[in-house]
Amino acid sequence: IASTQPSTDWHLKENAREHHTSKFSSEELIVRRGQAFTITFNGVERPEQNLIFIAETGPKPSKATKTLATFDISSTASKEGWSAVLQSSSSNSVSISISSPQKAIIGRYRLSVQSGSSSPQSLGTFVLLFNPWSSGDDVFMPNKAECEEYVLEEFGIIFAGNKNHISSFGWNFGQYQGDILNICLSILDRSLYYRQDPITDVSHRHDPRYLGRVLSAMVNANDDQGVVLGNWSGKYEGGKNPTSWTGSGEILQSWKKSGFKPVKYGQCWVFAAVLTTVLRCLGIPTRTITNFSSAHDADGNLRVDEFYDADGNHLERGADSVWNFHVWNESWFTRNDLGPSYSGWQVLDATPQEESGGIYQCGPASRHAIKEGDVDLDYDGPFVFAEVNADCMYWNYDSATGKKNLIFSKSTEIGDSISTKAVGRDDRVDVTRDYKYEEGSAKEREIFKKARKKLGLEDKFDPTAPKQEEIEQKPDISGRFKVASSLEVGKDLNLLLVLENLQSDAKTVTVNMTAWSTLYTRRRVNQIWKDSISVTLAPKEEKQFPIKIEYPKYQQHLTTDKTIQVTALCHVEDGIQVLVQRNIILENPAIDIQVLGEAKVNKEVFVEVAFTNPINEEVKDCMLQVEGSDLLQGILELRIPPLKASEKSSTKFKLIPSEAGPKHLLVNFSCDKFADIKTFKMVNVIN
């Protein structure tokens, strides 16, 4: 007679505590590989007979692909394969400690047991993840505080702005909330790699290098109907403006709810933040990295060419570009393919910029290889190296004649203030020195030459060697823009153009000036202002010219990145042209968060958010968006009545925290005149 289905006690609480998976709110067992977990089951016939366990994953489990394991009870846990050790048994119930190999495939497993000659009986399913706490795992991270930050922490800070003005905003990664783990597993099963060859794909899922690359492709929608659709046009109809998101949860849930249609819209930090969520969820230590003045070298010559017309307008010529900032990821794992010195932090980039192996994916590139100029090592070294090291060439281009003249070149412009969040603190840490030697040092130039040589850019027919028109001449004048008042949305923009004659004879200069609203990628969206002046500079004279751009003039043209590029192209009589440029970021007004009283687990606590309208006209369509893991479920959206000039609004809402510890509340305020004013507050929840 066939016995009834065995009933299994998965010891969810105890196993989760041992395996650092307590933050998942799941009825299913979630454990980490290379570490024992205990289960108890009853209803198995003759438990005293030899029990055989079967663990299997993927569509067609087999021993050859390591997606199927059968193992019986042994006296000690195995280091190599799967093993089961008897803890205790009674007439009909057995407690077993099961261990998985340190390089086991991750994902959802089906577990069954067979006793004697009877057919296998299902015990149920469990999910196996990477184990950064285990020294034999490829993702082992010896520092426990770093494991806490890069795997368990659900809050992050992303740096943005530009190198002269670094700003930051909070992000709710939310990797342990609701259904996120299941969504992450379904991302793997929707990749091109899985669709082409599911059996081989699943057999590679023990390798963080493989999964990092697959996920860098799947987080963007290009090629594979992945999670997020990029949009850098400045127009975001039919979707959400990339600056409006405050966490990954809403994006991943929307992707699943829509039947896996790409979520509109993302820009670099959205791709990086979603990839952080997915990798942390699966147990791979991951962080976001912001690179300021980031090069996008489309033609692989480690050089970025920028073109300007005679009026000083930046021209969209060629595919190279320099972004005010770019956000990518670093994940921590060993590189058995490259050797021990290349292990540690690996660069992954899910923003679709250039194809690699025929699809939009990037990395993993060893950070150490980038610093040492070893651009020939897998994967995508030249592209990442250029992002932090490319030389910049600025050209004057005449569209009528097709002639170009080099205005100047710079080798120290690219890859500035490379930033990430500190471990255990809400501060910025500068990691530029981990990517390159000091700018301007002999070592840095030596590495740059080494990288060029490896890419075959050093032969005598070098197409990038200076041609006649590229030889730089010494300019007669120098110029710079100075900021003359605070840079705030809603206020007039006051700048000074400072010009200095470097020669000992007088110079006549025609200056063509433009100001454009741009995206953070420096892509021009709207011209805001233009002017030209003619000036004479006495020998060695320095002169200042005030520039005023009024708020009404830029207000309707400003992008949500709040960036303006001001350019002055100076034509010196009988001399060479001088380009003066500044990328300006305007500050949003502040919002203030107060927690009214003590935050306790499962008790209501009120929060007040205050905003004062700083401009002398009414603002309307005001909206407050609030989220925070373990503080509230999902996202709270509150409409706020219009605010007259200088009027203050204060909005109260309640939280019911579900877990003790330091938690972060993220707030985003928008209205018709100000987009996405973001702030966050740490809330210490007590039991």
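These legends walk through several close-up views of a predicted model.

View 1. Welcome to the first stop: an unreviewed UniProt entry gives Cys268, His326 and Asp349 under "active site". These residues span 82 positions in sequence, yet no two of their C-alpha atoms are more than 9.9 Å apart, so they gather at one spot. The same record places a feature called "domain: Transglutaminase-like" at residues 260-352. That span is 16% helix and 44% strand, and its end C-alpha atoms lie 18 Å apart.

**View 2. A closer look at Cys268.** Look for Cys268 in helix H8, which covers residues 268-282. Its relative accessible area is 0%, so Cys268 counts as buried. Beyond its neighbours within four places in sequence, Cys268 is in contact with Trp232, Trp323, Phe325, His326, Val327, Thr351 and Tyr520.

**View 3. His326 and its surroundings.** Here the focus moves to His326 in strand E17, residues 321-333. His326 is buried too, with a relative accessible area of 0%. Leaving out residues up to four places away in sequence, His326 touches several others, among them Cys268, Asp349, Asn291 and Glu387.

View 4. The structure holds 0 disulfides. For Cys268, the nearest cysteine sulfur belongs to Cys362 and is 13 Å away. For Cys671, the nearest is that of Cys622, 4.8 Å away. A disulfide needs the two sulfur atoms within 2.5 Å, so Cys671 is in no disulfide. Cys671 is buried, with a relative accessible area of 10%.

**View 5. An aromatic pair between Tyr150 and Trp345.** The model has 31 aromatic pairs, and this view shows one of them. The ring centres of Tyr150 and Trp345 are 5.1 Å apart and the planes meet at 90°, so the pair is edge-to-face. This pair links distant parts of the chain, 195 residues apart: Tyr150 sits in helix H2 (residues 144-152) and Trp345 in strand E18 (residues 344-348). Tyr150 is buried at 3% relative accessibility, and Trp345 is buried at 8%.

**View 6. A cluster of rings.** Ring pairs join Trp10, Phe37, Phe41, Phe53, Phe71, Trp82, Tyr109 and Phe126 into a cluster.

**View 7. Lysines over aromatic rings.** Which ring does Lys371 lie over? Lys371 is over the face of Tyr437, 4.6 Å from the ring centre. In another spot, the charged end of Lys678 sits over the ring of Phe169, at 4.7 Å from its centre.

Key:
Residues numbered from 1 in each chain as written. Predicted model: local features only at pLDDT ≥ 70, side-chain atom pairs only at ≥ 80, totals over all residues. Heavy atoms only, no water. UniProt positions renumbered as here; feature names shortened; annotations may be inferred. Helix = DSSP H or I, 4+ residues; strand = E, 2+ residues; numbered from the N terminus. Phe/Tyr/Trp six-rings, centres within 6.5 Å; stacked < 30°, edge-to-face > 60°. Buried < 20%, exposed > 50% of the residue type's maximum accessible area, 1.4 Å probe, protein only. Lys NZ or Arg CZ within 6 Å of the ring centre and 35° of its normal. Contact = heavy atoms within 4.5 Å.
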